[in-house]
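Biologist: Could you walk me through the strands in this one? I'd like to start with the terms.

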Amino acid sequence: MGDCHGTSCQVLGSDHGSAWGSTDFGCWGSYAIYVSAALSTFPCQGSTLSAQVSGAAAGGAGGAAAVGDPHLRNVHGERFDLMKPGKHVLINIPRGAGAERALLRVQADARQLGGQCADMYFQELNVTGSWAEAKQAGGYHFSVSQGGDVATPEWVAFGKVVLKVVHGRTDSGLSYLNVYVKHLGRAGFAVGGLLGEDDHTGIVTPPEACANRLALVDSTEGGQAAPSVLSVAEASLA
């Protein structure tokens with residue numbers, strides 16, 4: 001479907017919603033999607049597929065994450081895509097507190113890589129607040145320029161909240177940052193930010209110039225779009 005995001009990505013079938021942005025998915029992550037480039041064959045057919053759970057989804061109350069380009073899951077388990085570039089507050093504890101009074105504040109800089117309307121990725125991330133200052137003077141700063149592919153990332157505790165920043169790289173070589181958080185529900189305070197309880201409706205709509213970019217491409221001479229072969233493997237998660 002080309003460069004689709006959120007609810008603009010339609011899902012084949014109706015077992016668990018009709019688009020990637022749907023919230024009626026039950027246990028998120030219990031389905032794996034495999035796509036074949038051929039119309040009549042599937043390279044994994046007959047193979048035994050297994051699932052592996054890692055990251056914030058695997059542990060603790062109040063797990064949240066911001067990964068990829070970027071796909072976010074907040075403390076309530078709601079999933080949405082960040083569609084606007086700029087600096088965004090992912091976590092703010094207590095909710096509504098200014099930067100100078102925050103116990104924990106995580107702010108990420110999302111940038112479009114590859115021109116106008118291209119996918120966005122987190123390039124920088126700052127962890128500040130009194131909890132961060134207690135661990136390290138000045139808090140923590142992460143950037144793609146740090147080249148964190150070599151070192152194994154570690155979970156860092158800020159009060160009851162545990163956070164990990166992981167360096168990622170696209171197939172085309174673009175570097176970005178992933179953020180995983182555990183135990184936001186145990187923070188002891190209301191949690192603000194996009195990964196907390198703040199409203200995210202303002203960041204899931206693409207800029208007007210990019211809103212109409214998506215289009216179905218007719219690639220056949222007779223005006224009939226060629227079907228895709230899609231196989232869904234259901235995995236049981238322990």
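Modeller: Strands here are DSSP runs of E with at least two residues, and helices are runs of H or I with at least four, both numbered from the N terminus. Two strands count as paired if DSSP finds at least two bridges between them. This is a predicted model, where local features need pLDDT of at least 70 and side-chain atom pairs count only at pLDDT 80 or more, while totals for chains, interfaces and linings use all residues. Residues are numbered from 1 along each chain as its sequence is written, and side-chain values use heavy atoms, with hydrogens and water left out.

Biologist: Fine. What is the order of the four strands in the open sheet?

Modeller: The order is β5-β6-β7-β8, with antiparallel pairing. At the edges are β5 (86-93) and β8 (140-143), each of which pairs on one side only. On average, neighbouring strands in this sheet are turned by 20° against each other, direction ignored; the angles are between N-to-C directions, on a 0 to 180 degrees scale, of lines fitted to C-alpha atoms.

Biologist: How many bridges join β5 to β6?

Modeller: Seven, and the two strands run antiparallel. Strand β6 covers residues 104-112, and Arg105 in β6 is the bridge partner of Asn92.

Biologist: Switching to β2. Which strands does β2 pair with?

Modeller: One is β11 (residues 175-182), antiparallel to β2 (residues 64-67) over three bridges. Ala65 has Tyr180 of β11 as its bridge partner. Another is β3 (residues 71-73), also antiparallel over three bridges. There, Leu72 in β3 stands opposite Ala66.

Biologist: And the turn of the β2 and β3 hairpin, which residue has a positive phi?

Modeller: Gly68, with phi near 70°; three residues lie between the strands.

Biologist: Is Ala66 buried or exposed?

Modeller: Ala66 is buried, with a relative accessible area of 0%. Buried means under 20%, exposed over 50%, and partly exposed in between, using a 1.4 Å probe and protein chains only. Apart from residues up to four places away in sequence, Ala66 touches several residues, including Leu72, Leu90, Phe122 and Leu195. Contact means heavy atoms within 4.5 Å.

Biologist: Where is Gly196 found?

Modeller: In the loop between β11 and α2 (208-211). Gly196 is buried, at a relative accessible area of 0%.

Biologist: What does Gly196 contact beyond its neighbours within four places in sequence?

Modeller: Asn74, Val75, Leu90 and Val191. Gly196 and Ile91 are 105 residues apart in sequence, with their C-alpha atoms 6.0 Å apart.
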